[in-house]
Amino acid sequence: MLEMRNISKNFEAVQALNHAHLKVEKGEIMALLGSNGSGKSTLVKVLSGLVNPTGGEIYIDGEAVQIKSSADARKHGIAVAYQDFSLIPKMSVIDNIMLTLSPCKKNGQIDEKKSREMAEYYLNELQIDVSPDAPVELLMPSTQSMIEIAKALAMKPRILILDEATASLHADEVEIVFSVLKKLKAEGTSIIIVTHRMSEIFRICDGCTILKSGETVAEGNVNQLDLDEIVFHMTGKYPDKEIGKQETKEKNHHLQLLLDVKDMAMPPKLKNVNFQAYQGEIVGIGGLDGQGQSEFIRVILGDHNYTAGKMIYQGKEIRYKQAADAVSDEIGFISGDRGRESIFPLRSVAENLFAGNTARGKLFAYLSPKEIDSFAKSAMQKYGVVAGGLRHPANSLSGGNQQKLVVGRWIALSPKLLLLDDPTKGVDINSRREIHRILRECTERGMSIIYVSSDNEELLEIADRIYIFYEGQISALLAGDDRREEKLVAAMLGIHQKQEEKGKQDDESKN
Amino acid sequence: MNQKINQIKRSPAFSGMILFFLFLIVYFGVQYLQAPESFWSIKTYRNFMSLFKSFSPLILVTMGQAFLMLMGIIDISIGMQMSFANVLAAMLPEILGLPTPVAWLIALLATILLAVLNGVIVSCLRIPPLLAGFAMIYVIKGINLLIAPKPGGKVPAIANQVFDSMLFGFIPFSLILLAVMYGIWLYLEKTPLIKAVYAIGGNERNAYATGIHTTAIKIKIYALAGFFTGLAGLCYTAAYTTGNPITGEIYGLQSISACILGGISLAGGWGNMASAVYGVGFQILVQTTVPKVFTMISKATGVNYNTYWHNLFSDIIILLGLVVTIFAIRAQRTTFISGLKKQIKGAKADE
């Protein structure tokens, strides 16, 4: 039915897809799996016409097709329910479902009666209980998700793609969706499901394609695979055969609680987060994309407001109104999204390094260029930033050096608490090591670091303790011997928590 | 009944409607105070109807702007485009000796073409609409001044007479024209085209992901707005019987503020044509009422205030109206801010 061969896609230096392939038969439900950044989403976007691949061919029913836009994709009968929705917030439920599908009367106007009937058919099919005239922005996220699925169904696709569409659904809604999928399958629709919920895969999928670093590493029948094998293909390691990581050297620090977060909540992203950071340690935060990690970091920084819970920093309860307050309380923040959140691309290297100081200094204090330059020069030597010159614009540096620049900016201020949100995303391996080295040195001087990373190996390497987020909650805390990749992956997929609970129940029943 | 009221309250045009009717009362109130003895005569009615004649160009331009704004685009050069049509219609008979109907048809088509060009710049070349509009103002102004260095041209008297005439003696021609143009909206409102416009205004990326040809739709809407603008230029020609190369410039900003006053979101995807009409109505009533109030004050106190004072006060009232529409309605405040960002950074700001 559908075959994608040798699909490649480069985003500048990053290779998102490297000769990936995917094959789906008529009436087959295929699971598309892979860890963060493995290229699943890009592959889906290639199919839906949002991303144009740099190489490769797509065949539908044995014929080579070109998908250059979303309109092309629809012409070939491909419909996608996106994770981040393709709904128009201010439009009504009907208008959203029927957008571009509405039947017209002879005079060219939309036949509203028929249109309403069709939309209601799909609402009934998925048992969505909403007023068809309500604007979707007022609906609950899970209902919006259902409407996104209804919208994809209304296109009567031959190939239906659910891109983590079930992620925000409740259990009963998942049941409804699955029963509809089974019906579609019987009618001969091919379905591709991208999901992180492993249990769903075994329940509904026939086939399974696993991507790793943009390559297809495994394809097969779900019956012939077990969870261990899937984790192996996603991570490159067998959970069972993994030997425990060597102990990190015991630090003889007198652990002093620096940050204590109690029952913090920020619906819908965060629920009941309890989190501690001690002085002089690196706390890792892991999890799949968008499970609330970056929101959590920004809550600490005061960029987002939390609705419930407490935050105690240096023994005092705090509630920052804006990031500037947190910075003046000696909290630093390094974002992995350089372009948007940290670099001033056109300003000079020296000015970029000095920017943190500016945030703390007096607004009208006199600043001589010499002062900035000498500050920057010492920082550059210390942190090994390679730059053509102090006065060159920051965007003349490579990604890795830009990131070191940002790290240098904050470390030079020696904050008590440094927050990092995936700081090594798209950074080459050498710069990454360099950044890790700098961070470790800092902890020895008593700085505490909270390190969010989407890279498991990195977390295991650098963090003393790792909190794992799953659907806005902390699903596990790994410390000491527990810091092993298979445990990390299990917790990321929300398996850990359930097994633990099950174990507890078993214990209780034994007692 | 209650349901009906709620429905009106939720309508995007609600705030504009309140402003409009409020000032309609003020307008008639001032008329009454000025001349209580002749208020109940036909004169009041005629005065009111003459507003349609002199302001139909602005109303039509605002309607054109509304189509674009629903899509999340503002075109500040739209007033200049109106002057372009005006200048062509007035000068072509003089320069090339063309018969008036041909000249007017050419003027209309040329304006549509100009708007399409604008649309290509914004949607294909992805220039932020505010920048494109700003540049276009000067380009079109240059063309206008080349065609007509100073106001002038040849406009047959019959055009003005027709435009000035009253059907059955009490319905002005301009009002009929406006009603027809509003009818076009009422028809289009229920077509897939306008649904697509709302979708693009609401979230362009998602509209694209749904399979809407965003670029093609944008250009079509630019052409439609160009048609309204061109017609506005012809109305201007008929109403003022002259070709003026630059007077339209101010209409660009006035039409935008009128749309916002009426409740159309600057970010797009929210509002309707009624919003635009209420908004522009409010603005016209303020502009005509304030000078009357000043004359009354002058009469009473003997102090004369020049027109700058009139403008200052009417603009302050319009500013207050904007503040009310944007900040009284919480939903609009956020969309206004995001809309402003979108206009400055280009269409991709919401991604």
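Modeller: A strand is a DSSP run of E with at least two residues, and strands are numbered from the N terminus. In this predicted model, Asp263(A) is found in strand E11 (residues 257-266) of chain A.

Biologist: Leaving aside its neighbours within four places in sequence, with which residues is Asp263(A) in contact?

Modeller: Apart from those neighbours, Asp263(A) is in contact with Asn272(A), Asn274(A), Ala308(A) and Gly309(A). Val273(A), ten residues from Asp263(A) in sequence, is 4.9 Å away in space, C-alpha to C-alpha.

Biologist: In which order do the four strands of the open sheet in chain A lie?

Modeller: The order is E12-E11-E14-E15 in chain A, and the pairing is antiparallel. Strand E12 (270-278) and strand E15 (316-317) of chain A are the edge strands, each of which pairs on one side only. Strand E14 (residues 308-313) of chain A is joined to E15(A) by two bridges, and Tyr313(A) has Lys316(A) in E15(A) as its bridge partner.

Biologist: In which sense do E6(A) and strand E7 of chain A pair?

Modeller: E6(A) and strand E7 (residues 159-163) of chain A pair in the parallel sense, over four bridges. Val80(A) stands opposite Ile161(A) in E7(A).

Biologist: Which residues point one way from strand E6 of chain A, and which the other way?

Modeller: From strand E6 (residues 78-81) of chain A, Ile78(A) and Val80(A) point one way, while Ala79(A) and Ala81(A) point the other way; all are buried.

Biologist: Which residues of helix H8 of chain A are buried?

Modeller: Helix H8 (residues 227-235) of chain A has Ile230(A), Val231(A), Phe232(A), His233(A) and Met234(A) as its buried residues. Their cover includes strand E3 (29-33), strand E9 (207-212), strand E10 (215-221) and helix H17 (485-492) of chain A. Just after H8(A) comes Gly236(A), with a positive phi of about 90 degrees.

Biologist: How may chain A be described as a whole?

Modeller: Chain A has 18 helices and 20 strands. Its domain assignment gives domain 1 (2-235) and domain 2 (257-507), and the C-alpha centres of these two domains of chain A lie 34 Å apart. Of the 511 residues in chain A, 45% are buried. The C-alpha atoms of chain A fill a box of roughly 75 × 65 × 45 Å along the principal axes.

Biologist: Why does the radius of gyration of chain A agree with a compact globule?

Modeller: A compact globule with 511 residues would have a radius of gyration near 24 Å, and chain A has 25 Å, so the values agree.

Biologist: How many residues does the contact take from chain B and from chain A?

Modeller: Chain B gives 19 residues to the contact and chain A gives 20 residues. On the side of chain B that touches chain A, helix H9 (192-202) and helix H10 (204-209) of chain B each supply at least two residues. H9(B) gives the most to that side, with five residues. By class, this side of chain B has nine nonpolar, eight polar and two charged residues.

Biologist: Which ipTM and pTM does the model score?

Modeller: The model scores ipTM 0.80 and pTM 0.75. For chain B, the mean pLDDT is 88, and 93% of the residues of chain B reach 70 or more.

Note on methods: Residues are numbered from 1 along each chain as its sequence is written. Chains are lettered from A and ligands numbered from 1 in the order in which they are written. This is a predicted model: local features need pLDDT of at least 70, side-chain atom pairs count only at pLDDT 80 or more; totals for chains, interfaces and linings use all residues. A residue is buried if 20 or more other C-beta atoms lie within 10 Å of its own, exposed if 12 or fewer, and partly exposed in between; C-beta atoms are placed from the backbone. Two strands pair if DSSP finds at least two bridges between them. Two residues are in contact if their C-beta atoms, placed from the backbone, lie within 7 Å. Ala, Val, Leu, Ile, Met, Phe, Trp, Tyr, Cys and Pro count as nonpolar, Asp, Glu, Lys and Arg as charged, and the others, Gly among them, as polar. Domain bounds come from an automatic or database domain assignment. The radius of gyration is taken over C-alpha atoms; the globule rule is 2.2 Å times the number of residues to the power 0.38. pLDDT is the predictor's confidence in each residue, from 0 to 100.
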